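Visitor: I'd like a close look at one part of this model, please. Pick up from the question below and follow the neighbours from there.

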Amino acid sequence: MITQVRAGPYTLRGVSVGGVYTTLHVPELDAVLDVGLALRSFASVGRFFLSHGHLDHVAGLAGLLNIRGLVGSGKATIHLPAEIEEPIRELLRAHTALSRAELAVELVPMLPGDERSLGHGMFVRALRTHHPVPSLGYQFVRRVARLRPEHQGKAPEEIARLRKEGADGLFEEHERLELAYATDTLSRVLESSPSLFESRVLVLECTFVDGTRTVEHARRKFHLHLDELVELAPRFHNEALVLMHFGQGSSPDAVRAAVERRLPPGLRERVVVFAPEGDRWFG
Ligand SMILES: [Zn+2]
Ligand SMILES: [Zn+2]
């Protein structure tokens, strides 16, 4: 069975084993984050966000598009690092040639800092991650109008009156950082995009969790070690911090034990380990 967890107001469903496959569905955002594996129940989702081109994150793409064709899901919108747009097109061309069937996609190439509207006041912003191939993280942002500080606390009738009088500058645009996704990256991502600490939910890779691998080893592999999060613990203001992309060298139970043992109280309670129950990985 696939894993399903709750993180703040969001649901995350899917599979994630570092180097093997990662694909996550967030129903509240109608989004699939990476497609390392083609999962049948993801076929009706309309929006895809690829972090980078390593096969544990894209190997399921053509398979999932094929299932979408089967169930009549229509064109998929795939956000991806601009540098991998052409290789992904070539990959899809090869699959089209093999199957003699067109795969319906719209590719949305993005660079760090780029934003795209997702409708209903929701945006996605690409952020730089640190990996040996072109890669991106994604921050989902909701823009809302809120009363300017000088008007906050006023009675609703007064606000209504000011509105009627056409008072300027009653409202200002406010950004709510909803959910961020940063995988396959050095911990440096938390320095280059410190807003990650403020995102309501942060989905972060944590490939290595215990003493069998050192922080230096993790850095050489362009990945993150749980010990690095220990030092940064006071800075995480997230309602939920979802850790995923664990290496298969540690069982899911061993990962939970390491998180319980190594993370300090205050952060530990807000951490959600994205791993199956028991001691075996999916597949
Ligand atoms: Zn990976
Ligand atoms: Zn990778």
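How many bridges join β8 to strand β9, and do the two run parallel or antiparallel?

Guide: Four bridges join β8 to β9 (residues 122-128), and the two run antiparallel. One bridge pairs Glu115 with Arg125 in β9. Before going on, bear in mind that this is a predicted model: local features need pLDDT of at least 70, side-chain atom pairs count only at pLDDT 80 or more, and totals for chains, interfaces and linings use all residues. Residues are numbered from 1 along each chain as its sequence is written, while chains are lettered from A and ligands numbered from 1 in the order in which they are written.

β8 and β9 belong to an open sheet of seven strands, ordered β8-β9-β10-β11-β12-β13-β14, with mixed pairing; strands pair here if DSSP finds at least two bridges between them. At the edges sit β8 (115-119) and β14, each pairing on one side only. From one strand to the next, the twist averages 30° (axes are lines fitted to C-alpha atoms, and angles run from 0 to 180 degrees between N-to-C directions). Helices (H or I, at least four residues) and strands (E, at least two) are DSSP runs numbered from the N terminus; the chain has eight helices and 14 strands.

An α-helix has 3.6 residues a turn, so residues three or four places apart point the same way. By "buried" I mean 20 or more other C-beta atoms within 10 Å of a residue's own, and by "exposed" 12 or fewer, with partly exposed in between.

Phi of Asp34 is near 65°, positive in a non-glycine residue, and Asp34 counts as buried because 27 C-beta neighbours lie inside 10 Å. Phi of Arg100 is near 55°, also a positive value in a residue other than glycine, but Arg100 counts as exposed because 6 C-beta neighbours lie inside 10 Å.
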